[in-house]
Amino acid sequence: MRPLVIRSAIVAALGGLIFGFDTAVISGTTVALAQEFNLSPGGLGFTVATALIGTILGALTAGIPADRYGRKKMLFVIGALFVVGAVGSALATDQITFIIFRFLGGIGVGMASVCAPIYTAEISPAAHRGRLVGLVQFNIVLGILLAYLSNFLIRAALPADVAWRWMFGVMAIPAIVFLLLLFTVPETPRWLIAAGQDQRGSEIARRLTSSEAEFDLEISELRASLAAAENAPTVPFFTAQHRRVILLAVAIAAFNQLSGINAILYYAPAVLIQAGASTDAAFLMAVAVGLMNLIATMAALAVIDRFGRRRLMLVGSIGYLVSLGFLAGVMFYYEPVFTPTSSVLVLVGLLVFIAAHAFGQGAVIWVFISEIFPNRIRGRGQSLGSLTHWVFAAITSWAFPPVIALLGGGWAFSLFFICMIGQLIWVLKVMPETKGVPLEEMEEQLGAAHWRTSA
């Protein structure tokens, strides 16, 4: 690969890292936020979910300006939103101000979830596209781990009443680095040529490819892709022909969050404290959860093309049931008197849970959604999957604190357990295997082949 390709992919992946950091950093602040702003369990849930509501808006709106103004310009906007969200959240003196800045940061996260993979895919030569786009997902998980680690170090170094502000504020550092590095990378050739800037697009494509043959291949593929996309907006989306693939995308995205993954990522230290851990121990335990997430993600990405999507989902579903059942049992057994032993047992359950998620849903969801939709509606299909994912993330994150306060941790984990019984049945009875199936053949198998519209 040319150095420019590597540098551009790393810069875009840094956007993914900040995305992951922003997602998990609030986990270390929930107790302090409840005290600082005198929040009820429902108020805390809403405050945490505010960023996710912003994420929904960002994911829904990123595509149009990215197509109109360019991928690189949108990455600048995303970086600015990250900086403003981080600094504003750190300096907020009341709940409303805090919510506004978390909402702005959430918009940046939603936009990054759309634009960072698009930029990476369009800047990468075909031979290296898969692993470079995968770098974004890897960095999201790495960002989650770094957020847990940063929270632990700040919590150990500063008093609790100011530590939560630094936990948010420190995110401005990688965001500023991201903005500065953007000046060193180009706009994507695909956007430039689509915008009528053929000469500049071709010049950049030549800088990104390592031979004349590779350049010719990239340009021909790019023009074919643009020609295919030209008529895509006129193809109806919600039709009987597309019903099955739409339901598959909605189901996998909904089940992803009904496992409780985002609720657990956001409230891991609080759950561990409730389970009997000291505050310092809980923050260190959260780092272990983030590390397990990273290790299991790397393992899944290494085998997903060998084992297949459905087998990973099956392993993950069984892991969900084992871990959530164990967590519910521990909570029921020890409530209301928790001990250090119970906190260690909960940590074990969380580690198994996060490993099951990263190896199954975490690795499969976006690959699966990208494969099941025909090319002519793939963009809208990805948007629908992303929207479903973030809506359910907001619902579960908002509901988690009041559910625990009202029913206790045992019932909260039991609800997730019941939902994962549904996922296991769906994987066994409904989910198709997409590994190694050509996209055109996939259309035939799922009843979405284009010829059926005129049959």
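**A close look at Ser 342**

Tutor: Leaving out residues up to four places away in sequence, Ser 342 is in contact (heavy atoms within 4.5 Å) with Ala 275, Val 330 and Tyr 334. The model is predicted, so local features need pLDDT of at least 70 and side-chain atom pairs pLDDT 80 or more, while totals for chains, interfaces and linings use all residues. Numbering starts from 1 along each chain as its sequence is written, and side-chain values use heavy atoms, without hydrogens or water.

Ser 342 belongs to helix H17, residues 340-359; helices are DSSP runs of H or I with at least four residues, numbered from the N terminus. A polar atom of the Ser 342 side chain lies 2.6 Å from the backbone oxygen of Thr 339. Between the C-alpha atoms of Ser 342 and Ala 277 there are 8.2 Å in space, although the two residues are 65 apart in sequence.

Ser 342 counts as buried because its relative accessibility is 0%. Buried means under 20% relative accessible area, exposed over 50%, and partly exposed in between, with a 1.4 Å probe and protein chains only. By that rule Cys 115 is also buried, because its value is 2%. Cys 419, at 24%, is therefore partly exposed. As for cysteine pairs, a search of the whole structure for disulfides (two cysteine sulfur atoms within 2.5 Å) finds 0.

How values were computed. Helix = DSSP H or I, 4+ residues; strand = E, 2+ residues; numbered from the N terminus. Polar contact = N/O pair within 3.5 Å; in protein donor to acceptor, adjacent residues only side chain to side chain.
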